Amino acid sequence: MPPSRLKGCMPITNTKTKAEIRQQFRANCKQIPAEYREGAGREAAKLLVKQPFFKASHRVACYLSTANEFDSIPIIEAIWQAKKQCYVPVLTGENEKALHFARYQYGDALHLNRYAILEPTGNSHKLSPESLDLVLLPLIAFDCYGHRLGSGGGYYDRTFAFLHANPTPKPWMIGLGFTSQQIDALPKDPWDIRLDGVITEKEFITCS
Ligand SMILES: Nc1ncnc2c1ncn2[C@@H]1O[C@H](COP(=O)(O)OP(=O)(O)OP(=O)(O)O)[C@@H](O)[C@H]1O
Ligand SMILES: [Mg+2]
């Protein structure tokens, strides 16, 4: 089980800004060959299903990956195969910049939202973020202290801001990323939500 969010040690300071790191790691990620991406998603799915926090979860959220993100399709298939309920993020209203979670079942129709990210079409069942057991998040970079660099919209930070006030054990927050997306230490802002762990194509990393 991932450690409590109350734990954590002070990372060394990184002198680069989030924007600089984002630019560098986005460029690196684009260079990863398609065959490696496909294999990475499958390896991560094998690692995920072995984790006690996955076995204990029923409502599992996972993003629908875009071309340069860590491939989440094998992960979603593993969630279905394990007979768990799979939820995917959908945008809330234009001005809210937060996420809802919509049930995604095999064969459900999808459409592209305003950021060209796939979302279920129609009236699939929606769940509040507090009701999820486990969230698998996309990332651009991460460190072993649980700091996550996302796309810069603050969507996950806003949606899961309740974790700051009430560090409940759930939902477990687990990033999905390539080993090459790990950095010694990321800059941290007060609004950043913390990861409990990261699954890469090679290992499960527990964040301290
Ligand atoms: N809880 C919050 N309430 C209001 N604004 C927030 C909140 N969390 C983040 N933000 C805003 O979101 C912006 C982007 O934050 P940040 O750079 O941490 O994004 P990110 O974590 O990389 O993005 P994402 O979660 O979408 O992948 C910040 O300018 C911040 O002001
Ligand atoms: Mg953030």
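**Charges over rings.** I started with Phe-54: the charged end of Lys-84 sits over its ring, 5.2 Å from the centre. My cut-off for this asks that NZ of Lys or CZ of Arg be within 6 Å of the ring centre and within 35 degrees of the ring normal. I found Lys-170 over the face of Trp-172 as well, at 5.5 Å from the ring centre.

**Ground rules.** I'm working with a predicted model, where local features need pLDDT of at least 70 and side-chain atom pairs count only at pLDDT 80 or more, while totals for chains, interfaces and linings use all residues. Residues are numbered from 1 along each chain as its sequence is written, chains are lettered from A and ligands numbered from 1 in the order in which they are written, and side-chain values use heavy atoms, with hydrogens and water left out.

**Aromatic pairs.** Next I looked for rings of Phe, Tyr and Trp (its six-membered ring) with centres within 6.5 Å; I call planes under 30 degrees apart stacked, over 60 edge-to-face and the rest tilted. I got ten aromatic pairs this way. One of them is Tyr-36 with Phe-178, 6.3 Å centre to centre with 35° between the planes, which makes a tilted pair. It links distant parts of the chain, 142 residues apart: Tyr-36 is in helix H2 (residues 34–50), and Phe-178 is in the loop between strand S10 (172–176) and strand S11 (197–199). My helices (H or I, at least four residues) and strands (E, at least two) are DSSP runs, numbered from the N terminus.

Are these two buried or exposed? I use buried for under 20% relative accessible area, exposed for over 50% and partly exposed in between (1.4 Å probe, protein chains only). Tyr-36 comes out partly exposed at 37%, and Phe-178 is buried at 0%.

I then checked Trp-80 and Tyr-104, whose ring centres are 5.2 Å apart with planes at 55°, so I noted this pair as tilted. Trp-80 belongs to helix H4 (residues 73–81), and Tyr-104 to the loop between strand S3 (99–103) and strand S4 (110–112), 24 residues apart. Trp-80 is partly exposed at 22%, whereas Tyr-104 is buried at 10%. I also wrote down one aromatic cluster, formed by Phe-101, Tyr-156, Phe-160 and Phe-162.

**Ligand 1.** How many residues surround ligand 1? I count 16, each with a heavy atom within 4 Å of the ligand; Lys-18, Gly-150, Tyr-155, Asp-157 and Asp-192 are the closest. I looked at polar contacts too: pairs of N or O atoms within 3.5 Å, where within protein one must be able to donate a hydrogen and the other to accept it, and residues adjacent in sequence count only if both atoms are side-chain atoms. Oxygen atoms of ligand 1 reach side-chain N or O atoms of Lys-18 at 2.8 Å, Trp-191 at 2.9 Å and Asp-192 at 2.8 Å.

**The magnesium ion.** Which residues are the protein donors of ligand 2, the magnesium ion? I found Asp-157 (OD) and Asp-192 (OD), lying 2.1 Å from the ion. Donors here are N, O and S atoms within 2.8 Å of the metal (3.2 Å for Na, K and Ca), and water is not among the atoms, so sites may look incomplete. Asp-157 is in helix H5 (residues 155–159) and Asp-192 in the loop between S10 and S11, 35 residues apart. Both are buried.

**Asp-192 again.** I gave Asp-192 a separate note: its relative accessible area is 7%. Its side chain makes a 2.9 Å polar contact with the side chain of Lys-18 and reaches the backbone nitrogen of Asp-189 at 2.8 Å.
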